[in-house]
Amino acid sequence: RVAGRLAPAARRTASLAGALVPAAVLALAVAASAMMLTWPLGYDQGTLASVGDVVARGGVVYRDGWDVKGPLVYWLFAAVQRVAGAQPWVLRLVDVAVAWATALLLHRMLRDLVPARVALAAAAAWPLVVAAQTWDESLQPDLWIASATLVLVRLVARAGAVPARALVLAGAIAGAATLVKPFYAIFAILPAVAAFAYGRPVGRALALPALGAAVALAAGVALLAAQGALAATWEVYVRYNTQVYADSQSETVRASILSARGIYDRIVGSLGWLVVPRILLTVPLVLAGAVALGRRHPELARVVLGWLGLGLALVVLQGKFFPYHWVLAYPAGLLLATVGGHALVGDARASGSGPLRIVVVFLCALATAAWLARPARDLRRSTLHALGRYPDSTYVATLLEVSETNPATEQAVAAWLRANTAPGAPFFHWSIDGALAYLAQRPQLVRFHNKRDVMRGRGHPIVTGYH
């Protein structure tokens with residue numbers, strides 16, 4: 001009798017929770033997105049923005065502004081500046097917009113795999129995944145490439161014939177990603193992975209994407225040639241990256257992937273990330289999702305696992321294990337974890353085992369909480385700071401937990417430069433504060449935007465020739 005009376009109440013509670021959880025995640029995602037607009041520029045973002053500023057002023061990437069990423073990154077930053085001006089919040093707005101566009105695409109994929117409320121909550125979690133990267137690790141081109149791969153998968157992961165234009169567009173996306181990092185050319189094989197999974201001709205799925213990728217790459221090379229930047233691109237992007245940067249960057253990997261030491265270092269680096277609590281708690285859900293998706297949609301499961309595998313392979317190939325490198329695997333991981341969590345809860349309910357259901361729900365809740373912890377904490381601090389209850393000095397100190405630069409100092413120096421120098425007056429700084437030129441809107445005397453690139457290549461003819 002007691003069980004009979006409690007059952008309707010339990011169902012009402014579950015129904016209420018099912019409605020409240022998506023609403024809560026969505027509200028938190030909107031609040032976190034607003035918070036991200038207030039974040040300053042970190043080490044990488046500041047350098048990207050400053051080189052983009054050089055391009056926006058009519059300069060040429062690599063020749064007039066030095067950095068080690070592909071040219072598309074700086075062209076994008078320059079385009080944003082030309083359209084909306086040089087303000088950190090404008091760049092952050094682009095990052096937030098990409099995050100929400102990605103959430104929309106994830107929702108469209110998930111709504112065919114899980115109930116509507118689960119799909120909404122999982123998709124709304126993507127901006128929170130971006131916020132969890134923190135102010136210093138978000139606004140990275142790797143996040144945008146992760147979103148682009150989702151578009152690529154949506155184009156090719158379908159039953160029946162894929163239109164030629166979709167395959168060419170998928171290849172063009174991979175080609176554009178290659179203009180960010182050469183490693184990302186590997187995504188051009190995703191259409192072939194999908195063709196194999198769905199039983200379509202693989203040759204066509206290799207040839208047409210290769211054509212699209214070639215067109216995108218040719219367009220990038222043509223633009224560099226039109227700007228007279230091919231020689232500088234070879235010196236900086238190719239020779240410096242291979243001869244100096246690749247050997248000096250990694251704190252984890254010191255040897256080639258082809259050597260025993262290199263393999264060992266990459267294993268250690270991978271395991272170091274897998275034991276991070278939010279990753280460790282999510283892995284069982286991802287594995288469960290792979291099994292559940294494989295049972296219901298085996299073709300799609302093969303594509304998603306290939307997508308996840310390519311993202312993880314790129315982390316290992318790069319061998320640096322920076323937090324933002326792992327985001328390439330996050331869209332596929334979130335999709336599988338959502339399917340897995342829903343399947344585990346359903347199986348536990350069907351088994352009739354109360355303890356099993358409690359364990360499964362607890363695991364899902366714990367994994368979710370681990371991902372939401374950092375953005376929720378940062379949102380609390382940001383809110384208190386906006387209300388005047390969190391002093392500037394304390395806010396900066398807590399925000400800068402693992403940062404190499406101090407944005408408050410950068411902003412103060414930039415304000416001084418704007419107030420005490422003419423708009424076209426060049427300046428020089430010997431620091432790693434790459435955002436200074438962008439924030440001050442003043443050109444630099446040298447092509448380097450932080451001293452680290454000079455120090456890494458000290459004495460190297462490429463660096464010496466670019467002073």
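Modeller: Thr134 is found in helix 6, residues 134-137. Helices here are DSSP runs of H or I with at least four residues, numbered from the N terminus. One caution: this is a predicted model, where local features need pLDDT of at least 70, side-chain atom pairs count only at pLDDT 80 or more, and totals for chains, interfaces and linings use all residues. Residues are numbered from 1 along each chain as its sequence is written, and side-chain values use heavy atoms, with hydrogens and water left out.

Biologist: Fine. Is Thr134 buried or exposed?

Modeller: Buried, with a relative accessible area of 9%. Buried means under 20% relative accessible area, exposed means over 50%, and partly exposed is in between, using a 1.4 Å probe and protein chains only.

Biologist: What about the phi of Thr134?

Modeller: It is near 75°, a positive value in a residue other than glycine. Most residues other than glycine have a negative phi. Leu139 also has a positive phi, near 50°.

Biologist: Where does Leu139 sit?

Modeller: In the loop between helix 6 and helix 7, the latter spanning 141-156. Leu139 is buried, at a relative accessible area of 0%.

Biologist: Let's go into helix 7. What does Val153 touch?

Modeller: Val153 lies in that helix. Its contacts are Met109, Leu190, Val303 and Trp307, leaving aside neighbours within four places in sequence. Contact means heavy atoms within 4.5 Å. Val153 counts as buried, at 1% relative accessibility.

Biologist: And how far is Val153 from His449?

Modeller: Their C-alpha atoms are separated by 36 Å, and the two are 296 residues apart along the chain.

Biologist: Switching topic. How many residues are in the largest nonpolar core?

Modeller: It has 130 residues. Such a core is a set of buried Ala, Val, Leu, Ile, Met, Phe, Trp, Tyr and Cys residues joined through side-chain atoms within 4.5 Å. Trp126, Phe187, Leu293 and Tyr330 have the most contacts inside it. Helix 5, residues 116-131, gives the largest share of this core, 10 residues.

Biologist: Take Leu293. Which residues does Leu293 touch?

Modeller: Leu113, Pro298, Leu300, Ala301, Val304, Leu335, Leu336 and Val339, not counting residues up to four places away in sequence.

Biologist: Now helix packing. How do helix 15 and helix 16 cross?

Modeller: Helix 15 covers residues 330-351 and helix 16 covers residues 354-386. Their axes come within 8 Å and cross at roughly 160°. Axes are lines fitted to C-alpha atoms, for helices over the stretch in contact, and angles run from 0 to 180 degrees between N-to-C directions. The two helices are therefore roughly antiparallel to each other. The cut-offs are under 35 degrees for roughly parallel, over 145 for roughly antiparallel, 65 to 115 for roughly perpendicular, and oblique for the rest.

Biologist: Which residues in helix 15 and helix 16 meet?

Modeller: Helix 15 brings Tyr330, Gly341, Leu344, Val345, Ala348, Arg349 and Ser351. Helix 16 brings Leu356, Arg357, Val360, Cys364 and Trp371. By class, this contact has eight nonpolar, two polar and two charged residues. Ala, Val, Leu, Ile, Met, Phe, Trp, Tyr, Cys and Pro count as nonpolar, Asp, Glu, Lys and Arg as charged, and the others, Gly among them, as polar.

Biologist: And helix 4 against helix 15, at what angle do they cross?

Modeller: Roughly 40°, with the axes of helix 4 (residues 88-110) and helix 15 coming within 11 Å. Leu106, Met109 and Leu110 in helix 4 meet Pro331, Leu334, Leu335 and Thr338 in helix 15. That contact has six nonpolar, one polar and no charged residues.

Biologist: Back to helix 16. What is Ser382 in contact with?

Modeller: Ser382 lies in helix 16. Met35, Thr38 and Tyr395 are in contact with Ser382, leaving aside its neighbours within four places in sequence. Ser382 is buried, with a relative accessible area of 12%.

Biologist: Last one. Where is Gly175?

Modeller: In helix 8, residues 164-178. Gly175 is buried, at a relative accessible area of 0%. Gly175 touches Ala213, Ala216 and Leu217, not counting residues up to four places away in sequence.
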